[in-house]
Amino acid sequence: MTQQQAVFNQGLISFLQSSPSPAHAVVTMVRQLEEAGYQALNEGDEWHLQAGQGYWLTRGGRSLIAFRLGEQGVAETGVRMMGAHTDSPCLKVKPKAEILRQGCLQLGVEVYGGVLMHPWFDRDLSLAGQVHFRNDAGKLQAALINVEKPLAVIPSLAIHLNRDANKNSEINAQLHLPPVVGLKSSDNPSLVFRKLLASWLGREGYSVDEVIDYDLCFYDTQPPALVGLNEEFISSARLDNLLSCYTGLQAMLAVDTPQAATALLVCNDHEEVGSASAIGAEGPFLESVLRRLAGEEQKYQRMMARSLLISCDNAHAIHPNYADKHDENHGPKINAGPVIKVNANQRYATTSETSALFSSFCDLAGVPYQHFVVRSDMGCGSTIGPIAATKLGVRVVDVGAPQWAMHSIRETAGSKDAWYLGQALQAFISRWDGS
Ligand SMILES: [Zn+2]
């Protein structure tokens with residue numbers, strides 16, 4: 001690892017650590033954008049944009065768009081777009097959460113997205129997300145909380161009580177997942193959790209009359225780490241897809257000299273549940289910003305015809321113990337560069353043209369790249385790429401850093417691949433001549 005890569009990885013590790021929920025990821029990204037001089041925009045205001053200036057806006061505090069206007073008009077240059085998603089599969093706390101079983105206080109959880117459930121057992125879990133409450137003045141207020149300390153565990157069943165555990169061990173999400181947060185106390189159990197939230201908010205300096213509602217996810221308190229004899233790997237929760245959010249953001253911030261073309265980063269929530277929401281990739285967020293950049297229909301159409309979106313979402317690296325799960329010629333390797341994802345059935349939006357363009361950005365940046373096609377006898381995952389391509393009619397390439405254990409609570413990626421991807425994205429924004 002070079003010194004530059006080490007610095008980049010330390011930034012990635014601290015981003016992962018400070019972003020236990022999509023809302024936290026957006027706040028962390030906004031902080032970096034503001035430090036770099038990007039200005040806040042509100043969708044409810046009239047915009048007066050300046051060439052060369054950077055801007056950011058969010059929807060719901062959970063999806064983010066940042067862009068830096070080019071020196072030339074968007075109709076002439078198109079927009080150089082990078083996309084990623086802020087959400088990761090997790091367990092979310094139900095509204096009426098408290099459950100008493102066998103003297104244990106537990107919290108009911110809803111499974112968000114395609115959680116790989118087994119790795120969630122026997123972890124020191126904490127909670128983070130958004131809370132809505134009524135303050136002392138009787139007004140509704142919102143706050144982000146991150147409890148940080150371990151406060152829950154989902155204990156495994158001992159192997160002595162389930163001798164088949166290593167052969168087949170079905171997990172019933174309703175019965176087997178509610179984390180244990182304590183033992184029964186004298187308090188009314190139906191109020192325990194909201195009372196706890198109120199006291200956490202109080203410690204943060206909020207004056208809380210009553211907690212009304214929340215969007216909270218459990219997360220693993222084990223911090224991200226560099227792993228391997230030579231620190232070949234990064235191990236963390238939420239690498240899918242905070243790795244891409246961070247890498248896209250760093251590419252935006254690294255290109256801080258005036259550019260002819262406008263560069264844009266969109267990070268959507270709700271990808272893991274299909275993207276169909278007001279703030280998800282199937283919603284109107286990106287399109288409405290692009291229409292405001294163009295100003296009028298003719299310019300919008302000309303801009304879109306010249307634009308390209310690089311949709312960044314991690315890819316499945318070939319696993320040494322399960323190598324037969326990959327096509328023999330399309331098994332992406334760790335630390336061998338970003339993966340161009342191809343699917344003839346349009347689960348990925350890559351075309352031969354956009355694939356060729358992305359590989360030329362890698363060549364410009366001097367970084368390797370590889371390809372992924374799922375085995376012909378297996379189904380294929382998807383990303384925000386085909387959704388954006390369908391909605392906007394824009395050219396899209398689906399790419400991503402290779403990783404193992406996608407959707408586990410602890411995923412593993414290479415310690416070079418995010419940096420390689422970032423170099424290719426920078427070449428796309430700053431060195432592509434548009435042809
Ligand atoms: Zn993903």
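The model is predicted. In it, β4 (residues 79–85) belongs to an open sheet of nine strands, and H85, in β4, is one of the residues that coordinate a zinc ion.

**Strand β4 and its partners**
- Strand β4 and strand β13 (residues 262–268) run parallel and are joined by seven bridges.
- Seven of the seven residues of β4 are buried, so the strand is largely enclosed by the rest of the structure.
- Both faces of β4 are covered: V79, M81, G83 and H85 are buried on one side, and R80, M82 and A84 are buried on the other.

**The sheet and the helices on it**
- The strand order is β1-β2-β3-β13-β4-β14-β18-β16-β17, and the pairing is mixed.
- The edges are formed by β1 (39–40) and β17 (370–372), each of which pairs on one side only.
- Helix α11 (residues 417–430) packs on the sheet and touches β4, β13, β14 and β18; the direction of α11 makes about 155 degrees with that of β4.
- Helix α10 (residues 384–392) lies across β4, β13, β14 and β18 (395–400). The angle between α10 and β18 is about 175 degrees.

**The zinc site**
- The zinc ion is coordinated by NE2 of H85, an OD atom of D240 and two entries for OD of D313, at 2.0 to 2.7 Å.
- Angles among the four donor atoms range from 52 to 142 degrees, and the site is irregular.
- Along the chain, the donors follow the spacing H-x154-D-x72-D.
- H85 in strand β4 and D313 in the loop between β14 and β15 (315–316) are 228 residues apart, so this pair links distant parts of the chain.
- H85 and D313 are both buried.

- The peptide bond from D240 to N241 is cis, with omega near 15 degrees.
- N241 is found in helix α6, and D240 is one of the zinc ligands.
- Helix α6 (residues 239–254) has 16 residues, which at 1.5 Å a residue should span 22 Å. The end C-alpha atoms of α6 are 21 Å apart, which agrees.
- Of the 16 residues of α6, 15 are buried, so the helix is largely enclosed by the rest of the structure.

**The β5–β6 hairpin**
- Strands β5 (residues 90–101) and β6 (residues 104–112) pair in the antiparallel sense over eight bridges.
- C90 stands opposite Y112 in β6.
- The two strands form a hairpin with two residues between them.
- Q102, in the turn of this hairpin, has a phi near 55 degrees, a positive value in a residue other than glycine.
- Q102 counts as exposed because its relative accessibility is 80%, and the cut-off for exposed is over 50%.

**Another positive phi**
- N335 has a phi near 65 degrees, and N335 too is a residue other than glycine.
- N335 is placed in the loop between β15 and β16 (339–341).

Key
Residues numbered from 1 in each chain as written. Predicted model: local features only at pLDDT ≥ 70, side-chain atom pairs only at ≥ 80, totals over all residues. Heavy atoms only, no water. Helix = DSSP H or I, 4+ residues; strand = E, 2+ residues; numbered from the N terminus. Expected span 1.5 Å × (residues − 1). Buried < 20%, exposed > 50% of the residue type's maximum accessible area, 1.4 Å probe, protein only. Pairing = 2+ DSSP bridges. Contact = heavy atoms within 4.5 Å. Axes fitted to C-alpha atoms, helices over the stretch in contact; angles between N-to-C directions. Donors = N, O, S within 2.8 Å, 3.2 Å for Na, K, Ca; no water. Tetrahedral: all angles 85-135°; square planar, octahedral: opposite > 155°, others 65-115°.
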